[in-house]
Amino acid sequence: MNYRILWADDEIDLLKPHILFLTAKGYNITPVNSGADALEQIDHNPFDLVFLDENMPGMTGLETLNYIKSTHPNLPVVMITKSEEEEIMEEAIGARIADYLIKPLNPNQILLSVKKILDNKRIVSEHTNFGYQQEFQRLTMDLMDVNDFQGWADLFKKLVYWQIEIDNTEDKSMEEVLNNQRVDANHQFSDFIEDHYLDWITNPDVERPLLSHQVLKKKVFPLINDERSVFLIVIDNLRLDQWEILEPEIAEIFNIERKETYYSILPTTTAYARNSLFGGMMPLDIANNYPDFWVGEDEEDSKNNFENELLGVNLQREKKNIKYTYNKIIRTQEGKQIVESVSNLMSNQLNAIVFNFVDMLSHARTDMHMIRELAPDESAYLSLTKSWFSHSSLFDLLKILATKKNAKVVITTDHGTIRVKKPYKIVGDRKTNTNLRYKQGKNLGFEEAGVFFTRNPEQFKLPKTNVSSTFAFAREDFFFAYPNNFNYYVNHYRDTFQHGGISLEEMIIPLVVLGQK
């Protein structure tokens, strides 16, 4: 591309070697020797970049800069000066310059600035795609060799990394290759879960990942002491890639002290995974030991009305006699109230706060055509999550907590979600639950190949509503659909974000500890 650069300097003749150097590199340079001439050129000709000397007679570089930004706010400007005064630097930066160079100039220094501004996207795209091409073979080998839960977590982190890197490029030529690699990974991961999940929850001698019911005991309660207030923030339905796009903003105000993952139990839904998270028990143990706190599949009440109580019995069981609070944030006003009450919350040793927005976003995307149009794919879904966070009460809360020296913050979730694409036929009676990624009922009919299921739910530490209850879990990116309404289910739910089954996105989820800078 033949970029046009305007260069304004009262000693422009002395810069002729630099101009010839850039011209030889393919850039079209228009030289002028005053701020007034620069504005005349800008008002009548298109430019891609402006080099602007700070110390010019008449209209100074800073005065010229302010005019350019008022009339052409998107035109990048590089300020060039002999001065290293901090005040001048700050004024130029405040006017949103693209770069700041100090004389005497070096040709390669100039070229680097030009490339960074004008060719950045192309260079990043080429570098990213080339990097993934080199990594592709290693990831393929890793996929063939991975045989334990930590290996799967590490592999998933690499796939998420490349997903975000490619998503941030203009040329997404490797996107389809990566998507296919993720499909293969989810197929093999589903096989891995089928082979090992039962052992993880029944065999005390087998190596297992950190599971939902162990998170608070092993990762949160040890942080509690008399000198600090621990804030446990659970963002419902938060995937690992969603965390990764939120992390840069959070890292500006907090130190990331520890970043790891844990495995959600099955079903990967709020009713099971989050109750297990707060209660510190598997669902069957909650139903047996605290029946008043468990709402079964056959009951119409909300399945998460007792998280506060479950947190309380969990603390009692671990002999944590402390002051704690529990809050669930669904509406904007509730979030504002939490932000306003931080000073009061600091008197508690533990504050558990659930933010439901991401879960609401995934459901809204299914039910509302407008949201589906706003987030038609993974990239847009991540962008929508980031936009919400930047303007959310959660971010406001974190900014306040970052200033509290005796606050410790843990951010995690209960499960992730996956974009479903392939229907899987299943038959159930009218009492079968409505979730698309897992089914629970007494008369389920399905082809057993391709579905992870148990006809003995108690073996999976799950309560059953009747003697012949069966749990069936969708694998990979499948979703269950009834044959008698098959076309409706396929048309309405294909390409929506769902949870409840087995996939990397649903089961391997973030757990992060933040500390003050």
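## Basis of the model

Helices (H or I, at least four residues) and strands (E, at least two) are DSSP runs, numbered from the N terminus. The model is predicted: local features need pLDDT of at least 70 and side-chain atom pairs count only at pLDDT 80 or more, while totals for chains, interfaces and linings use all residues. Residues are numbered from 1 along each chain as its sequence is written, and side-chain values use heavy atoms, with hydrogens and water left out.

## Overall build

The protein has 21 helices and 18 strands. Along the principal axes, its C-alpha atoms fill a box of roughly 90 × 50 × 40 Å. Of the 517 residues, 54% are buried; buried means under 20% relative accessible area, exposed over 50%, and partly exposed in between, with a 1.4 Å probe and protein chains only.

Contact means heavy atoms within 4.5 Å. Among contacts with a separation of 6 or more, 73% join residues 24 or more positions apart.

## The loop between β6 and α10

R239 belongs to the loop between β6 (229-235) and α10 (240-251). Because its relative accessibility is 2%, R239 counts as buried. Beyond neighbours within four places in sequence, R239 contacts Q163, E378, G416, T417, I418, R419, F497, E505 and P510.

N237 lies in the loop between β6 and α10. With a relative accessible area of 0%, N237 is buried.

## Backbone features

Most residues other than glycine have a negative phi, and most peptide bonds are trans. N237, although not a glycine, has a positive phi of about 75°. D495, also not a glycine, has a positive phi of about 70°. D495 is placed in the loop between α20 (486-493) and β17 (497-498), and at 27% relative accessibility it counts as partly exposed.

One joins K103 and P104, with omega about 0°; P104 is in the loop between β5 (99-102) and α5 (107-118). Another runs from L266 to P267, with omega near -10°, and P267 is in the loop between β7 (254-263) and α11 (270-279).

E85 is in the loop between β4 (77-81) and α4 (86-94). Its relative accessibility of 48% makes E85 partly exposed.
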